[in-house]
Amino acid sequence: MLSTMQDVPLTVTRILHHGMTIHGKSQVTTWTGEPEPHRRTFAEIGTRATQLANALRDELGVDGDQRVATLMWNNAEHVEAYLAIPSMGAVLHTLNLRLPPEQLAWIVNHADDKAVIVNGSLLPLLVPLLPHLPSIEHVVVAGPGDRSALAGITPRVLEYEELIAGRPTTFDWPELDERQAAAMCYTSGTTGDPKGVVYSHRSIYLHSMQVNMTESMGLTDKDTTLVVVPQFHVNAWGLPHATFMSGVNMLMPDRFLQPAPLADMIERERPTHAAAVPTIWQGLLAEVTANPRDLTSMANVTIGGAACPPSLMEAYDKLGVRLCHAWGMTETSPLGTMAHPPAGLSDEEQWPYRVTQGRFPAGVEARLVGPGGEHLPWDGESAGELEVRGPWIAAAYYGGSDGEHLRPEDKFSEDGWLKTGDVGVISTDGFLTLTDRAKDVIKSGGEWISSVELENALMAHPDVAEAAVVAVPDEKWGERPLATVVLKEGVTGTDYEALKAFLAESGIAKWQLPERWSVIPAVPKTSVGKFDKKVIRKQYAEGELDVTQL
Ligand code: ADP
């Protein structure tokens, strides 16, 4: 028997309408570096998104599922693009402005982007690339920044504000199939070419609902979220769409992502929530330690994208800011797990749950797979590769305009689950603890050493600002850990023996203790601010590190 229920497609258009009407008074505040930030209501954003859709259709000729790229910071105009482009049936393609130029060009060409909306401050990055981007017919420039580099370029140049001014404030929004493409995002391609993940209207809608659930970020129109995670990094973890669904106010840092302006923003605008990778929180901590600011408005902060060192969580607890650990990937939209402890526990009992990657929501099914393909029990001990499936999890990668979608064997199981490449255990009550990425695990004499565990333990040492541990070749054991450490400001001289003893005291087994050590000025970071361990491995292989062997 079929149900008797209506079959209304779940689309971004519905999110747009809902946000601009029911939550019309909620606001997007964009930091400008001037004394006053810029404020725009959801009603205004929705109207301007409608005008943008009209402009893209009538002036740029954007039609069907053509791709419109954005090369932008987090700001109000970027939110308008997030709503307008998918709602008109086109595909929003967010470009990561920290990628190497050649990779950026590859991605634009692969996605066959017809137009790009770019922030004026990012023109120095875009303009030199344009001769290599034959599909780009229009460049739409938004926000401040010198325009002189645009003189003489081939694509047509339009000013965002002039383009949308006076356009109709209604649009004949198409009735879309909810499975249609709405947005796309390429993984950063640490190995091989970047891979395009294409989100559907349905996946965005369902993911947005999950983001808002109390067991996830739990945000309402009484909240303001500081969206530090870039809109080009997995759609800012889904926040721009989720906030429009629930009327959550957004505080957007634009290009002011350095610790000092972030601390100022928090003190002045008093957001109740924020989302960012651990590197941002490390930087902010150093800033407020040196120049104290009041961060206490942020009762609830989502931290993810890389493992959060427990020492960082503790430091923020002392500042009255509770970090909640989350795990996800570009392929998972990205919300996969969040670490809210189960009910009825004391603070002390909650701690072991808070430091895990968290629990799976109803939309995400998980399983652990051992080296022989066997499914492992959830016993908190059996470690295997995490595989997931669900309505906001990728089933394939974009195969280009002429090709079919790609399902590489190392990424998707035969029965359609996503192989995450992350290794970990799941407790009997469903909490995931990741010990490593499969490619970062240290395989020493047939046993595995978790680089993350060593890093977390090292970062708890008072002299250590950051630590990254990588596998290096070893004649006897196959691989051994190399510990690279960044010292806190003002710390001089390193006693590696003392650091090793500290690791042993914090419970690391003797055979796992690193014998190779190096102090480095900073841990190299990827385009989205994660530790870039392949750079450290390369530096080691090429003899560029000053290594002490104990
Ligand atoms: P990239 O692969 O380019 O880093 P993603 O942003 O999609 O792009 O990264 C997803 C990966 O980030 C996950 O597979 C996992 O290895 C790591 N990750 C994300 N969140 C966490 C977390 N809370 N703890 C540990 N690792 C995490």
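How many bridges join strand β13 to β14? Five bridges join strand β13 (residues 300-304) to β14, and the two strands run parallel. The structure is a predicted model, in which local features need pLDDT of at least 70 and side-chain atom pairs count only at pLDDT 80 or more, while totals for chains, interfaces and linings use all residues. Residues are numbered from 1 along each chain as its sequence is written, and side-chain values use heavy atoms, with hydrogens and water left out.

Helices (H or I, at least four residues) and strands (E, at least two) are DSSP runs, numbered from the N terminus; two strands pair if DSSP finds at least two bridges between them. Together with helix α12 (residues 310-318), β13 and β14 make a right-handed β-α-β unit; right-handed denotes that, with the strands pointing away from the viewer, the path from the first strand over the helix to the second runs clockwise.

Strand β14 (residues 322-328) is largely enclosed by the rest of the structure, because five of its seven residues are buried (under 20% relative accessible area, with exposed over 50% and partly exposed in between; 1.4 Å probe, protein chains only). β14 also pairs with strand β15 (residues 335-338) in the antiparallel sense, over three bridges. Here M338 in β15 is the bridge partner of A326. Six residues lie between the strands of the β14 and β15 hairpin, where S333 takes a positive phi near 80°.

Zero disulfides are found in the structure, the criterion being a pair of cysteine sulfur atoms within 2.5 Å. For C324, the closest cysteine sulfur is in C308, 9.9 Å away, and therefore too far for a bond. C324 counts as buried at 7% relative accessibility, and C185 counts as buried at 2%.

T356 lies in the loop between α13 (347-354) and β16 (358-359) and counts as buried, at 7% relative accessibility. The side chain of T356 reaches the backbone oxygen of Y353 at 2.7 Å. Contacts (heavy atoms within 4.5 Å) link T356 to H325, A339, F431, L432 and T433, not counting residues up to four places away in sequence.

A further threonine, T224, lies in strand β10 (residues 224-227). With residues up to four places away in sequence not counted, T224 touches N249, M250, L251, P271, T272 and H273. T224 and A276 are 52 residues apart in sequence and, C-alpha to C-alpha, 15 Å apart in space.

Key: A polar contact is a pair of N or O atoms within 3.5 Å; within protein, one must be able to donate a hydrogen and the other to accept it, and residues adjacent in sequence count only if both atoms are side-chain atoms.
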